Amino acid sequence: MSLWVDQYRPRALDDLHYHQGLSTCLKALAASGDFPHMLFYGPSGAGKKTRITCTLRQLFGPGVEKLKIDQRVFLTPSRRKVEVNLVQSNFHIEITPSEAGSYDRVVIQELLKEIAQTQQVDLNAKQRFKVVIINEADSLSRDAQAALRRTMEKYMSNMRIILCANSTSRLIAPIKSRCLLMRVAAPSREEMQSVMQYVSKRAGFDLPPEAGDKIIDDSGGNLRKAILVLEALKMQSPDLSGPLAIAKPDWETYCHKVADMIISEQSPARVMEVRQKLYELLSHCIPPTVILKTIAERVVDRVDEAIKTDIMHWAAIYEVRMRIGSKKIYHLEAWVVKVMSIYKHFFYDMDMSSFD
Ligand SMILES: Nc1ncnc2c1ncn2[C@@H]1O[C@H](COP(=O)(O)OP(=O)(O)OP(=O)(O)O)[C@@H](O)[C@H]1O
């Protein structure tokens with residue numbers, strides 16, 4: 001039994017429900033015999049992955065759906081072992097180099113070289129090249145990006161790269177200029193509604209449009225989230241009528257709690273309590289940037305207009321520091337202290353001005 005998001009995921013370019021223009025373009029490229037390196041970018045759950053797999057199917061036929069998962073060990077120059085998962089078919093290979101943390105360059109360099117130097121073994125293959133999909137390309141380190149750039153130039157004859165990212169801003173210009181950029185925007189409300197109606201039909205029930213609207217309100221343009229919530233709600237109350245209670249994920253509630261703690265007291269003791277909670281979140285593998293963003297948004301929701309921009313400004317600064325540095329907790333905590341100080345000063349200044 002698979003989840004609806006997988007079970008009803010469109011498998012061919014012709015079956016995609018929205019962004020028809022993109023599908024037409026991808027079909028033409030696949031048929032052209034001159035397939036470029038590509039960069040798919042857009043927000044989470046907009047449908048990048050779905051479009052990439054449909055494109056592969058268009059290029060190679062249903063054989064690309066026969067997947068196997070391997071684990072590969074790479075040796076770093078300091079002889080440390082890093083493990084990375086590979087998902088592959090006879091025609092393509094998919095990697096998430098960020099699994100290797102700061103050793104992502106080793107993974108990119110070794111793996112791409114190896115693939116580029118092996119010829120396509122399947123004589124019936126429709127294309128002479130293999131495709132390498134690189135997930136979370138926007139978290140590649142500078143070194144890894146430089147290595148990627150060199151391989152892109154050198155091994156174009158039997159390899160194509162497809163990068164998948166949320167935004168293009170952290171990718172170096174020479175990579176962007178070697179790829180065809182495909183922007184996959186979040187679907188509109190109507191598009192989401194029609195996909196959910198379709199999924200419901202396939203699952204054998206009618207979705208009341210109001211229930212669909214409620215789910216869309218909560219999804220923030222993330223279609224995967226919407227379909228997951230739809231399935232969960234259908235389990236809870238099979239007729240989907242009446243008020244729907246969409247549960248927030250635990251980590252989100254937890255982040256909100258941290259935000260409330262920051263606002264309700266500003267003291268060294270409170271900083272220590274917040275630190276505990278931050279460790280807890282990090283140990284459950286919630287990405288530090290997501291933690292920072294979620295807490296910041298909640299804080300900003302609850303404070304005076306006058307200090308909102310300041311708080312976001314510092315969140316942005318600490319996010320950058322966090323990406324560069326290695327100990328995430330330091331930067332998260334430094335930001336918390338900064339916010340407490342901004343908040344406290346704001347009230348102090350107000351009190352003083354009442355004496356004027
Ligand atoms: N055109 C479409 N028609 C119908 N359903 C779609 C379409 N595109 C995407 N979906 C559904 O939306 C879900 C999310 O899409 P997908 O996993 O491709 O997003 P993504 O952009 O790669 O997200 P992330 O960046 O978080 O990995 C899929 O599981 C699929 O069921």
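**Notes on the ligand site, a pocket and an aromatic pair**

1. A polar side-chain atom of Lys48 lies 2.7 Å from an oxygen atom of the ligand. An oxygen atom of the ligand is also 2.8 Å from a polar backbone atom of Lys49, and a polar side-chain atom of Tyr18 sits 3.4 Å from a ligand nitrogen atom. A polar contact here is a pair of N or O atoms within 3.5 Å. The protein covers 92% of the 640 Å² of accessible area that the ligand has on its own (Shrake-Rupley method, 1.4 Å probe).

2. A word on provenance: this is a predicted model, where local features need pLDDT of at least 70 and side-chain atom pairs count only at pLDDT 80 or more, while totals for chains, interfaces and linings use all residues. Residues are numbered from 1 along each chain as its sequence is written, and side-chain values use heavy atoms, with hydrogens and water left out.

3. A pocket is an open set of points on a 1 Å grid where a 1.4 Å probe fits, with protein on both sides within 12 Å along at least five of seven lines; lining residues have an atom within 4 Å of a point. Of its 14 lining residues, Arg9, Lys49, Thr53, Glu65 and Leu67 are the closest to the centre. Helix 3 gives the most to this lining too, with 4 residues. The lining counts 5 nonpolar, 2 polar and 7 charged residues.

4. The whole structure has 7 aromatic pairs (ring centres within 6.5 Å; planes under 30 degrees apart are stacked, over 60 edge-to-face, the rest tilted). The rings of Phe60 and Phe129 have centres 6.1 Å apart and planes at 75°, so this pair is edge-to-face. Phe60 in helix 3 and Phe129, in the loop between helix 4 and strand 5, are 69 residues apart.

Key
Polar contact = N/O pair within 3.5 Å; in protein donor to acceptor, adjacent residues only side chain to side chain. Helix = DSSP H or I, 4+ residues; strand = E, 2+ residues; numbered from the N terminus. Nonpolar A, V, L, I, M, F, W, Y, C, P; charged D, E, K, R; others polar. Phe/Tyr/Trp six-rings, centres within 6.5 Å; stacked < 30°, edge-to-face > 60°.
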